[in-house]
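Morning, everyone. Please bring up the sequence and the model, and we'll go through the fold.

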Amino acid sequence: MTDKYKILIVEDDALIAMELGERLTEMGYEVLGPAHTLEEAESLVSGARPDAALLDANVAGRSSVELGSALAAIGVPLAFCTGYDRIKNLPPELAQAPILTKPIGDAELISGLKRLLG
């Protein structure tokens with residue numbers, strides 16, 4: 001088997017982050033994080049480039065769009081995980097980013113990751 005894909009999780013809700021991390025591990029992915037703040041996410045990314053990222057659209061009251069743009073700029077595919085069905089004011093580089101609506105079912109999670117990882 002080749003190396004596991006590294007998936008960055010950025011989620012401020014500790015319970016959701018833990019559960020998502022466990023599910024990804026069970027699916028055979030390596031989890032980077034979870035990061036509970038945007039600063040923590042930036043720190044993780046500076047240490048290890050993820051193969052894909054799952055970003056909570058709203059992290060501790062702040063939009064993760066800027067982080068998403070920075071990840072897109074270095075070629076990291078990402079999806080937004082949110083309770084909303086769309087995210088306002090997405091820049092062009094993120095316009096095609098999948099939106100996974102919470103609570104995210106396994107089938108939706110697997111399908112979303114397959115899209116991100118090609």
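Two strands pair if DSSP finds at least two bridges between them. Strands here are DSSP runs (E, at least two residues), helices too (H or I, at least four), numbered from the N terminus. This is a predicted model: local features need pLDDT of at least 70, side-chain atom pairs count only at pLDDT 80 or more, and totals for chains, interfaces and linings use all residues. Residues are numbered from 1 along each chain as its sequence is written, and side-chain values use heavy atoms, with hydrogens and water left out.

Start with strand 1. Strand 1 runs parallel to strand 3, joined by four bridges. Strand 1 also pairs with strand 2, again parallel, over four bridges. Take I7: its bridge partner in strand 3 is A52, and in strand 2 it is V31.

Now the core. A nonpolar core is a set of buried Ala, Val, Leu, Ile, Met, Phe, Trp, Tyr and Cys residues joined through side-chain atoms within 4.5 Å. The largest has 20 residues; V10, L55, L71, L78 and F80 touch the most other members. Elements giving it two or more residues include strand 1, helix 2 (38-47) and helix 3 (65-73). A second, separate core of 15 residues includes A52 and C81.

Last, helix 3. Its buried residues are V65, L67, G68, S69 and L71. G75 follows helix 3, with a positive phi near 85°.

How values were computed:
Buried means under 20% relative accessible area, exposed over 50%, partly exposed in between (1.4 Å probe, protein chains only).
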